[in-house]
Structures are given as structure tokens and as C-alpha cells.
Amino acid sequence: MWDPANPDEVAAAKAAFDAAKKKKMLAYAVDPETGGKTGEVIREFDPQRGKIVMVRQTAGG
Amino acid sequence: MATYAANATLGQIIRPHLATTTVSTTAAWTPVTNDRIWQYWLNTTSTATTASITWQQPIWDAWVRDDRVYQQRMVFNQQQADEMQARREQRSREQLAAEQQRMENRFVAHSRALDLLDNLLTEDERATRDEQQRVAVLGSDGHLYWLEMHRETVHGNIVRTDEHGCMLGRACVAPGMRDGYEVLPTADGWVGQYLGLKFDAVNFLSHANWSGVRRCRVAREAA
């Protein structure tokens, strides 16, 4: 979660996003207010979102 | 002329000694250190080897019997033991502190993961989780799933069900739970499963191993 109006937080979030994508993690959109309406799989970092959830690559059990 | 055995019996030889002449004419014994005996043993040549081997046992016996040497070794070992004990205790303290820190980190990570999960769940889903330790998820593939949480695991905890409540199969699929040598909090796995089922079910379940797959009981009975 980050404040889209704060450049430092946006930069930190982007760095975390990029690092996670390098590990092939999936990014899901999250409504920053309610936590609901999630689910859109994000391919590119969008600083305006304010909150995303990164999930590690899926593996069968 | 004296033999080692004779001298030893008389108590004249109580420490490791080496003969300076041949075995049969030995009249004097030279006290030596253990290191020297060892070097002598290693470096002796053919003829001397015989003598060396012949006298290894008495020398060793004397070494073992020698109280002074023994006590000296004990004193030295006691000092060493104290130091080693201190090092062991220090190591144990460090390991304990690291383990406590790890447990604390895990507790924090688990709490944060549960918070994240609760943040994603709807109010009804949260209530179901609290009451039944499972969450009903309508997958993006149109199927209904139970995400079970009572076993605190991400293995085989996804149950595909139907409108009758019939179990249609159990899926084992989850986000990778290991980050290097650390295992991620189980709730982080549930978050991944929840999001995967709800918004990306076809792709998510394409990695699953299924068990207990069956047809709907109602449909079977009707057929």
C-alpha cells in the first residue's frame, strides 16, 4: 500500500513491484479503501492504484 | 642392562621413554614428550621400525599409566573445557536469540497475512471463516469452492462443491510457500488461493492436483 501522491512511496512500491515480478509473482489489484473488488491481474505497475497484492507463483500440491 | 619392562616394574619408568641404543643393551631411557614419540614413530626407518613397533606398546602403556602426564592433560583439558563450555553457552545464547527473533518475525508475518486475508474477504466471508474455519468462494470459472482453513495448511484444502453441497473434488494448489529457507505464513497461501480462485480460476487450477473427483450425488441418484 502506498500513497500515490507521495513520490518516495511510489518509488518504493515500484521497486517492490519490479522485484516481485522478477520472481514471477502475480499482482492483483485491490481497492485501497475497501479491500474489495479485487482480482484484476496487473501486468504493469500503476502508481495510482495505491494498493496491490503480490502472490507467489502457483504450484500444484 | 635393563629392560623397559623391568624398569617399569620397579617404578623407575613412569613416563614415556625412548631407548637410545638397541633393545638388548639398553641401559638408559630418555624421557620424551608425546610429540617426540609420535615423530619418532613416524620417522623411524626399517630396522628401527621393528624396535619402534616393539616398543610402541610399552611406551603407550606408560603414557597411559603416567599420573603426572595424565593430571597435566586433565588440567589443560579443564581449561580448554571451560573455554569450550563458555563458547558453547555463547553459541546457544545466540542461537536462542536468533530462534526467538525468527519466531517473533513469523508471528508478526502470520498476523499481517491474516490481516491481509481479512481485508480481502467480504463481511460474510469473514464471518464464515470465524465460525467454520473455511470460506466459500465463487470461482471465476463459475464453480463454487470451499477454501478450508481448519488444518492450517494450503495442501489439499480447496474443495469444489455444487449447489447441493456435494463435494466434486479436492484440489491441491497454492502459491509457492518457500522463500529461500523460510516458509511463508499459511495465511499468505490462503490469500493466493482466494485470489486465484476468485479472479483467475482457470489458470490457477491448471496447476492443481485433484483427488476425490466425483459426480454430484443428486445427479447420480437421478440417473
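**A question-and-answer tour of chains A and B**

Q: In chain A, what percentage of contacts between residues at least 6 apart in sequence join residues at least 24 apart?
A: A contact here means heavy atoms within 4.5 Å. Take the contacts of chain A between residues at least 6 apart in sequence; the share that joins residues at least 24 apart is 52%.

Q: What kind of model is this?
A: Residues are numbered from 1 along each chain as its sequence is written, chains are lettered from A and ligands numbered from 1 in the order in which they are written, and side-chain values use heavy atoms, with hydrogens and water left out. Local features need pLDDT of at least 70, side-chain atom pairs count only at pLDDT 80 or more, and totals for chains, interfaces and linings use all residues, the model being predicted.

Q: Which residue of β3(A) stands opposite Y28(A)?
A: Strand β1 (residues 26-29) of chain A runs antiparallel to β3(A), and 4 bridges join the two. Within β3(A), the residue opposite Y28(A) is V53(A).

Q: How much area do chain A and chain B bury between them?
A: The contact takes 17 residues from chain A and 20 residues from chain B. Buried area is the accessible area (1.4 Å probe) that two parts lose on being put together, summed over both. With 57% of it on carbon and sulfur atoms, the total is about 1500 Å².

Q: Which strand gives the largest share of the side of chain A that touches chain B?
A: Across the interface the rule finds 0 salt bridges and 4 residue pairs in polar contact, both at pLDDT 80 or more; a polar contact is a pair of N or O atoms within 3.5 Å, where within protein one must be able to donate a hydrogen and the other to accept it, and residues adjacent in sequence count only if both atoms are side-chain atoms. At least two residues of the side of chain A that touches chain B come from each of β3 (52-55) and β4 (58-60) of chain A. The largest share, 3 residues, comes from β4(A).

Q: What is the bridge partner of A59(A) in β6(B)?
A: β4(A) pairs with strand β6 (residues 167-175) of chain B in the antiparallel sense, over 3 bridges. In β6(B), the partner of A59(A) is A174(B).

Q: Is N157(B) buried or exposed?
A: N157(B) sits in the loop between β4 and β5 of chain B. Its contacts beyond four places in sequence include W146(B), R170(B) and W190(B). A polar contact of 2.9 Å joins its side chain to that of Q193(B). At 1% relative accessibility, N157(B) counts as buried.

Q: How many residues apart in sequence are D141(B) and R160(B)?
A: D141(B) and R160(B) form a salt bridge, with 3.7 Å between the closest N and O atoms. D141(B) lies in the loop between β3 and β4 of chain B and R160(B) in strand β5, so the pair ties together parts whose separation in sequence, in residues, is 19.

Q: What is phi of E152(B) near?
A: E152(B) is in the loop between β4 (144-148) and β5 (158-161) of chain B. Most residues other than glycine have a negative phi. E152(B), a residue other than glycine, has a positive phi near 55°.

Conventions:
A salt bridge is a side-chain nitrogen of Lys or Arg within 4 Å of a carboxyl oxygen of Asp or Glu. Two strands pair if DSSP finds at least two bridges between them. Buried means under 20% relative accessible area, exposed over 50%, partly exposed in between (1.4 Å probe, protein chains only).
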